[in-house]
Amino acid sequence: MSEEAAAGLRWNNNVSVAAIALISYEYLLLLDKEVEYVWKRPWSLMSCLYLVVRYLGLFLAMVCACWGGLLYMPESVSYDLIVLIEWGFSVYFCFAEIILIWRLYALCNQSKLVLHVLVGLFVPIVALSIGTDIYLYSRRNVFSVKEVMTPNTKYCTLSFNIGPMVAVYTSIPIMCYDIFLVILAAATLVRHLREQKRIKMRPNTYVVMIVRYHIMYFALNLTNQILLVVLWAGIPTPAMSLSELFNGTAPFILAPRLIISIWDTHANDGCVHVSTTFADCVCWTSPPNFEQHEMDLCVENPESTCSIEKEAVEAGTP
């Protein structure tokens, strides 16, 4: 038992150091852009959402990394802290989903119908998430913390007292909702590509970027849900530690990067039209300007398009 406990402690410490290094590196990597696009600009809804997912994710990642063997905490304190972490994960998930919903609303030309459908389907997901946290993570007979003793030290680890089936059932609606978001984003992209091809214009950079992040977030959340279910199945210590490393870092990196990437791309475009509602450029949430379309056609087909316009002018000249 002592050798198994010592191996578990080593895995815990190694994963904790890796998580702290990864999250710290990611934070410093985006800090200059955060200062430029958030702290030096007027506040907007998207900048507030960014700060929530940025610093709530940072707090949760650091607490997860320090909990366990890296910093010893008594069993009673550890249980309350783990419950706080699990509820924090749910809150973070809701804010990340709100960002995706807000982006899809923008992509669909700010359609009220799309917004109402997305929010209407999201409310039961929030209720399910709250119920899951109450049933699985707020009852000691289902989820608890146990203290492990080694010859040199002691640390706390998780104890799952029921099988994984409840976690499986509660994760199905969440995955179905994410699948719906991905399908809607992909359908929007396909429609956009067809329209741009019809008018012979290049695809909008923002549309492609947002759909790509939707697909990435879906893959990440799918993996995250699978790993959360696996944790309840009593897997070996190395697999559990690696699962906790993924769940404690990856979700907190993607959501802030989605917002920063759009802001950074917009800044590099040098466009002066900014929407205060979305904190983004209005040129990717509005239909293309007709005069700009005509000018692009003239540039792409100078002989055919411009000659037609010239003939029309000459025909109208007495």
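## Cavities: the term and the model

A cavity is a set of points, on a 1 Å grid over the protein atoms alone, where a 1.4 Å probe fits but cannot get out; its lining residues have an atom within 4 Å of a point. Grid points are joined across faces, edges and corners, and a volume is the space filled by probe spheres set on the points.

The model is predicted, so local features need pLDDT of at least 70 and side-chain atom pairs count only at pLDDT 80 or more, while totals for chains, interfaces and linings use all residues. Residues are numbered from 1 along each chain as its sequence is written, and side-chain values use heavy atoms, with hydrogens and water left out.

## Overall architecture

The chain contains 10 helices and four strands. Helices (H or I, at least four residues) and strands (E, at least two) are DSSP runs, numbered from the N terminus. Along the sequence, their order is α-α-α-α-β-β-α-α-α-α-β-β-α-α.

Of the 318 residues in the chain, 44% are buried; this term means under 20% relative accessible area, whereas exposed means over 50% and partly exposed in between (1.4 Å probe, protein chains only). A contact is defined by heavy atoms within 4.5 Å. Among contacts between residues at least 6 apart in sequence, 74% join residues at least 24 apart.

## The largest cavity

Four cavities of 30 Å³ or more are present in the structure. The largest has a volume of about 450 Å³. Its lining consists of 26 residues, and Phe89, Ser90, Asn224, Gln225 and Leu228 lie nearest its centre. Two or more lining residues come from each of α3 (75-107), α4 (112-137), α5 (165-198), α6 (205-231) and α8 (251-269). Helix α6 gives the largest share, seven residues.

By type, this lining divides into 15 nonpolar, nine polar and two charged residues. Here Ala, Val, Leu, Ile, Met, Phe, Trp, Tyr, Cys and Pro count as nonpolar, Asp, Glu, Lys and Arg as charged, and the others, Gly among them, as polar.

## The second largest cavity

The second largest cavity has a volume of about 70 Å³. Ile23, Glu26, Tyr27, Arg54, Gly57, Leu58 and Phe252 line this cavity. Helices α1 (2-39) and α2 (45-66) each give two or more residues to the lining. The lining comprises four nonpolar, one polar and two charged residues.

## Salt bridges

Side chains of opposite charge can pair when their charged atoms come close. A salt bridge is a side-chain nitrogen of Lys or Arg within 4 Å of a carboxyl oxygen of Asp or Glu. By this rule, the structure has two salt bridges.

One joins Glu26 and Arg257, whose closest N and O atoms are 2.8 Å apart. This pair links helix α1 with helix α8, across 231 residues. Glu26 counts as buried because its relative accessibility is 9%, whereas Arg257, with a relative accessible area of 25%, is partly exposed. The other joins Arg54 and Glu34 (3.1 Å, N to O). Arg54 in helix α2 and Glu34 in helix α1 are 20 residues apart, and both are buried.

## Two further buried residues

Glu86 belongs to helix α3. Glu86 is buried but has no salt bridge, and the nearest side chain of opposite charge, Arg139, is 14 Å away. For this comparison, Lys and Arg count as positive and Asp and Glu as negative; His and the chain ends are not counted. Beyond its neighbours within four places in sequence, Glu86 is in contact with Asp133 and Tyr137.

Ser171 lies in helix α5 and counts as buried because its relative accessibility is 9%. Apart from residues up to four places away in sequence, Ser171 touches Gln225 and Val229.

Note on methods
On a 1 Å grid over the protein atoms alone, a cavity is a set of points where a 1.4 Å probe fits but cannot get out, and a pocket is an open set with protein on both sides within 12 Å along at least five of seven lines; lining residues have an atom within 4 Å of a point.
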